[in-house]
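Please walk me through this model as a tutorial, taking one feature at a time and giving the general idea before the particular case.

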Amino acid sequence: MTIKKQGGLIPWSAAAASGLGLAVSFPGPGLWFAACLALIPLLAAVNNAAPARAFGLGFVTGFVFFFLLISWLMSTLTLYGGLPGPLSFLILFLLTAYLS
């Protein structure tokens with residue numbers, strides 16, 4: 001299975017859907033079976049893609065996944081660290097990009 005429309009938003013949406021599927025497979029939502037299916041949209045999107053595009057799609061998957069998993073960090077930095085909200089969001093954004 002491949003995603004034919006390489007120039008549009010469909011591959012990027014598939015990559016984001018993979019990140020979402022991986023995130024909901026963790027204990028909070030408890031949908032463990034989603035982990036078995038989560039990488040299928042990403043693999044379909046990177047099939048026959050150029051290496052740079054495949055890297056970008058993987059980055060989007062990782063970004064969505066880590067952003068949803070460590071979003072608690074923003075409230076922790078604001079509440080216990082005393083940082084302003086925009087700075088906490090910037091730290092969360094940079095850490096998520098690094099982990100992706």
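**Reading the helix packing**

Q: At what angle do the axes of helix 1 and helix 3 cross, and within what distance do they come?
A: Two packed helices are described by the angle between their axes and the distance between the axes. In this predicted model, the axes of helix 1 and helix 3 come within 7 Å and cross at roughly 155°, where axes are lines fitted to C-alpha atoms, for helices over the stretch in contact, and angles run from 0 to 180 degrees between N-to-C directions. Helix 1 and helix 3 are therefore roughly antiparallel to each other, given that angles under 35 degrees count as roughly parallel, over 145 as roughly antiparallel, 65 to 115 as roughly perpendicular and the rest as oblique. Helix 1 passes helix 3 in a left-handed crossing; a crossing is left-handed if the near helix is turned anticlockwise from the far one by less than a right angle, and right-handed if clockwise.

Q: What should I keep in mind about numbering and about confidence in such a model?
A: Residues are numbered from 1 along each chain as its sequence is written, and side-chain values use heavy atoms, with hydrogens and water left out. As the model is predicted, local features need pLDDT of at least 70 and side-chain atom pairs count only at pLDDT 80 or more, while totals for chains, interfaces and linings use all residues.

Q: How many helices and strands are there in the protein?
A: Helices (H or I, at least four residues) and strands (E, at least two) are DSSP runs, numbered from the N terminus. The protein has six helices and zero strands, and its C-alpha trace spans about 50 × 30 × 20 Å along the principal axes.

Q: Which residues in helix 1 meet which residues in helix 3?
A: Contact means heavy atoms within 4.5 Å. From helix 1, Pro 11, Ala 14, Ala 15, Ser 18 and Leu 22 meet Leu 39, Pro 41, Leu 42 and Ala 45 of helix 3. By class, this contact of helix 1 with helix 3 has eight nonpolar residues, one polar and no charged, where Ala, Val, Leu, Ile, Met, Phe, Trp, Tyr, Cys and Pro count as nonpolar, Asp, Glu, Lys and Arg as charged, and the others, Gly among them, as polar.

Q: Is Ser 18 buried or exposed, and what does Ser 18 touch?
A: Buried means under 20% relative accessible area, exposed over 50%, and partly exposed in between (1.4 Å probe, protein chains only). Ser 18, in helix 1, has a relative accessible area of 0% and is therefore buried. Not counting residues up to four places away in sequence, Ser 18 touches Ala 38, Leu 39, Pro 41, Leu 42 and Thr 61. Over the whole protein, 28% of the 100 residues count as buried.

Q: Which residues make up the largest nonpolar core?
A: A nonpolar core is a set of buried Ala, Val, Leu, Ile, Met, Phe, Trp, Tyr and Cys residues joined through side-chain atoms within 4.5 Å. Here the largest one holds five residues, namely Ala 14, Ala 15, Leu 42, Ala 45 and Leu 57. Helix 1 (10-24) and helix 3 (39-46) are the elements that give two or more residues to this core. Leu 57, leaving aside its neighbours within four places in sequence, is in contact with Pro 11, Trp 12, Ala 15, Leu 42, Ala 45 and Val 46.

Q: How far apart are Phe 65 and Val 24 in sequence and in space?
A: Phe 65 and Val 24 lie 41 residues apart in sequence and 8.9 Å apart in space, C-alpha to C-alpha. Phe 65 is found in helix 4 and counts as buried because its relative accessibility is 14%. Beyond its neighbours within four places in sequence, Phe 65 is in contact with Gly 19, Leu 22, Ala 23 and Phe 26.

Q: What is the angle between helix 5 and helix 6?
A: Helix 5 (residues 72-79) and helix 6 (residues 85-99) pack at an angle of about 140°, with their axes 9 Å apart. That makes helix 5 oblique to helix 6, and helix 5 passes helix 6 in a right-handed crossing.

Q: What is the phi of Asn 48?
A: Most residues other than glycine have a negative phi. The phi of Asn 48 is near 65°, a positive value in a residue other than glycine. Asn 48 is found in the loop between helix 3 and helix 4 (51-69), and with a relative accessible area of 72% Asn 48 is exposed.
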